[in-house]
Amino acid sequence: KKIVHLVQQGRALEYFGVYEQAKTLFEEAIWLLRQETPTPHRLLGVVLNDYGLVQNRLGLPEDALASLDEALQHQQIFYREANREIATTHNNLGLVYKTNKQTLKAKEHYLVAAKIYAQSTNISRETAVNLNNLGSVQAILGEHDLAFYNFNAARSQLRQLSDEAQPELAVTLYHLAALCVAKWPQADESPLALMRQANEIDDQAIDDVFRDSSETGRLRFLGTRFRHFHIFVSYILYLQKNELPVDLREAYRFVLRRKGLATEISAAKQTAVWQQHHPEANALLNQLSALRQAIACKAIHPNVPAE
């Protein structure tokens, strides 16, 4: 029970971006698993995955790869044949390699994970995320047709899942939009139509995050969403070149929203620095954070009366 509690706490801290503390909790859980069990415990591979991802977040790619390799070795001994836990480890290895610009190695692990997931006919969030990841490295490597195939497969699966899978669907749509921008006007779908669909999903997520989440939670969400900024900018350049004013206005609106997200990221980071160095000002800084939260909500829904 203590180990499970440590893992749950560590995952919660990781979600909110408190990586150093999460790392410490995972280390304690790993130590307990190694000390208290005479034979390898199934949970060890799971916790080593969590630990490796946190190490990667902290800029420790070699340590992350070592933890994930150990998890994989443990799982291959513990299980007689490949399963979803092993697929998850390969997917996480791919993520670490991709983060550190080792695209071919990332593709290798994503492909292994995809083959394992394909053995089951069940549609799941993990399977779709793996297809997204595989498509993203194929796009980087110039394998556009394969990337389109995997993004479309991910989109099809995510649309059959619950609302909780909507953030992943938005990411898939952004990936497809980026490929369509690169191929436009020969692309099969309109980049702007894909951006519009993804933006609608993002609007709802942004609304929920700014209304209910902490400053750290908002910062993490905004950081992930701002990564797609280049897709909008590249499409604007194409629209300007080809003088398409109607689409251009809408694309500009999307870009300005993303610039607003960048401003919020900067403000949240600055507040975090002030709170660290000037704890006596925390009460005022919390009021400022609440005010920014209210302004953001008003910007998302301008027709809602201000409090």
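Which helix holds Leu194? I looked this up first. Leu194 is found in helix H10, residues 191-212. I note that I am working from a predicted model.

**Entry: Leu194**

The cut-off for buried is under 20% relative accessible area. Next I listed its contacts, leaving aside neighbours within four places in sequence. Leu194 is in contact with Arg155, Leu173, Leu176, Ala177, Cys180 and Glu189. I picked Cys180 from that list and looked up the spacing. Leu194 and Cys180 are 14 residues apart in sequence. C-alpha to C-alpha, Leu194 and Cys180 are 9.1 Å apart.

**Entry: the whole chain**

I then stepped back to the overall make-up. The protein has 14 helices and zero strands. Read along the sequence, I get the pattern α-α-α-α-α-α-α-α-α-α-α-α-α-α. There are 307 residues in the protein, and 44% of them count as buried. I also looked up contacts between residues at least 6 apart in sequence. Of these, 60% join residues at least 24 apart.

**Entry: helix H3**

I looked up the length of H3. It covers residues 42-57, which is 16 residues. From first C-alpha to last, H3 reaches 24 Å. That is close to the 22 Å expected at 1.5 Å a residue. How many of the residues of H3 are buried? I found 14 of the 16, so H3 is largely enclosed by the rest of the structure. After H3 comes Gly59, and its phi is positive, near 75°.

**Entry: H7 against H8**

Two packed helices are described by the angle between their axes and the distance between the axes. I looked up both for H7 and H8. Their axes come within 8 Å and cross at roughly 160°. The cut-off for roughly antiparallel is over 145 degrees, so H7 is roughly antiparallel to H8. The crossing of H7 past H8 is left-handed.

Which residues meet here? From H7 I wrote down Thr127, Ala128, Leu131, Asn132, Leu134, Gly135, Ser136, Gln138 and Ala139. From H8 I wrote down His144, Leu146, Ala147, Asn150, Phe151, Ala153, Ala154, Gln157 and Leu158. By class, this contact has 10 nonpolar, eight polar and no charged residues.

**Entry: Asn150**

I followed one residue of this contact further. Asn150 sits in helix H8, residues 144-158. Is Asn150 buried or exposed? Its relative accessible area is 7%, so I put Asn150 down as buried. Not counting residues up to four places away in sequence, Asn150 touches Leu131, Leu134, Gly135 and Gln138.

**Entry: H7 against H9**

H7 covers residues 125-140, and H9 covers residues 166-183. The axes of H7 and H9 come within 11 Å and cross at roughly 20°. That angle makes H7 roughly parallel to H9. The crossing of H7 and H9 is left-handed.

The H7 side of the contact is made by Arg125, Val129, Asn132, Ser136 and Ala139. The H9 side is made by Glu168, Val171, Thr172, His175 and Leu179. I sorted these residues by class and got four nonpolar, four polar and two charged. For H7 with H8, my note above has no charged residues.

Methods
Residues numbered from 1 in each chain as written. Predicted model: local features only at pLDDT ≥ 70, side-chain atom pairs only at ≥ 80, totals over all residues. Heavy atoms only, no water. Axes fitted to C-alpha atoms, helices over the stretch in contact; angles between N-to-C directions. Helix = DSSP H or I, 4+ residues; strand = E, 2+ residues; numbered from the N terminus. Parallel < 35°, antiparallel > 145°, perpendicular 65-115°, else oblique. Left-handed = near helix turned anticlockwise from the far one by under 90°. Contact = heavy atoms within 4.5 Å. Nonpolar A, V, L, I, M, F, W, Y, C, P; charged D, E, K, R; others polar. Expected span 1.5 Å × (residues − 1). Buried < 20%, exposed > 50% of the residue type's maximum accessible area, 1.4 Å probe, protein only.
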